[in-house]
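Look at the model below and follow a few charged side chains through it.

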Amino acid sequence: MSEPRPKRQWMRQRRLLRRTLPHLVSVVVTLFIGWLWYGRSPQASLSTYVNLRATATRMPDRPVGTPTAVVVVPADITRQELLDVTAQTNALWSAVYVSRAQLHVADLEAAVAVNDVVRAQQVLLSLDDALAMAEGVAPQEYRDPIAQLRIEVIGIRQDFPIRPDGIDGRLQRIRQALVPLIGAPTAGR
């Protein structure tokens, strides 16, 4: 009776070896090919990269996605002229963001027309983001109307799943309120 047990043990080990041997061979072949392909000295390329990285100048940390323009400032420009150019640039960016909000309103109207609640919620978030960015760079006299529009958008976002009736009229009022904000900031400067 004792003989079948070692024989079963030996058969089990043999099956295990038969199952794992192809995997072991493929690992060894892969490692060998990788060694031939990438070379025998991976530390050399790593040390070269580290040396190049260490000698490079450190760039200042900036938020990802922030556009950085190269500005050449003449030596004879005054502080007031620089402030005026900055205000005009901010007004232009505000107009761009308000234009983006106008496009989001059109997308929102299309989503409301087909009663796509999920898409409408996504577009409402995008609309709120565009208005928030416009509010951040808008001239002082236009920040209040933009803030009121953001409050209206938040109200629509809360009311849409519960009471979708009347959303079309509210979107039309937002569209009409956005139109004068697109061209107005740059006209007075």
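Asp159 is buried, with a relative accessible area of 17%, because the cut-off for buried is under 20%. This is a predicted model. Asp159 forms a salt bridge with Arg163, and their closest N and O atoms are 2.9 Å apart. Arg163 is partly exposed, at a relative accessible area of 48%.

The structure holds seven salt bridges. Another of them joins Glu135 and Arg150, with 3.3 Å from N to O. Glu135 lies in helix 4 and Arg150 in helix 5 (residues 140–159), so this pair ties together parts that are 15 residues apart in sequence. Both side chains belong to partly exposed residues: Glu135 has a relative accessibility of 21%, and Arg150 has a relative accessible area of 23%. Through salt bridges with shared partners, Asp128, Glu135, Arg150 and Arg157 form one network.

Helix 5 also takes part in a link to helix 6. Here Arg170 and Glu152 form a salt bridge, with their closest N and O atoms 2.9 Å apart. Arg170 is in helix 6 (residues 167–187) and Glu152 is in helix 5, 18 residues apart, and the pair links these distant parts of the chain. Arg170 is buried, with a relative accessible area of 16%, whereas Glu152 is partly exposed at 27%.

The last stop is a loop. Asn115 sits between helix 3 (79–113) and helix 4 (117–137). Its phi is positive, about 60°, although Asn115 is not a glycine. Most residues other than glycine have a negative phi. Asn115 is exposed, with a relative accessible area of 54%.

Methods: Residues are numbered from 1 along each chain as its sequence is written. This is a predicted model: local features need pLDDT of at least 70, side-chain atom pairs count only at pLDDT 80 or more; totals for chains, interfaces and linings use all residues. Side-chain values use heavy atoms; hydrogens and water are left out. Helices (H or I, at least four residues) and strands (E, at least two) are DSSP runs, numbered from the N terminus. Buried means under 20% relative accessible area, exposed over 50%, partly exposed in between (1.4 Å probe, protein chains only). A salt bridge is a side-chain nitrogen of Lys or Arg within 4 Å of a carboxyl oxygen of Asp or Glu.
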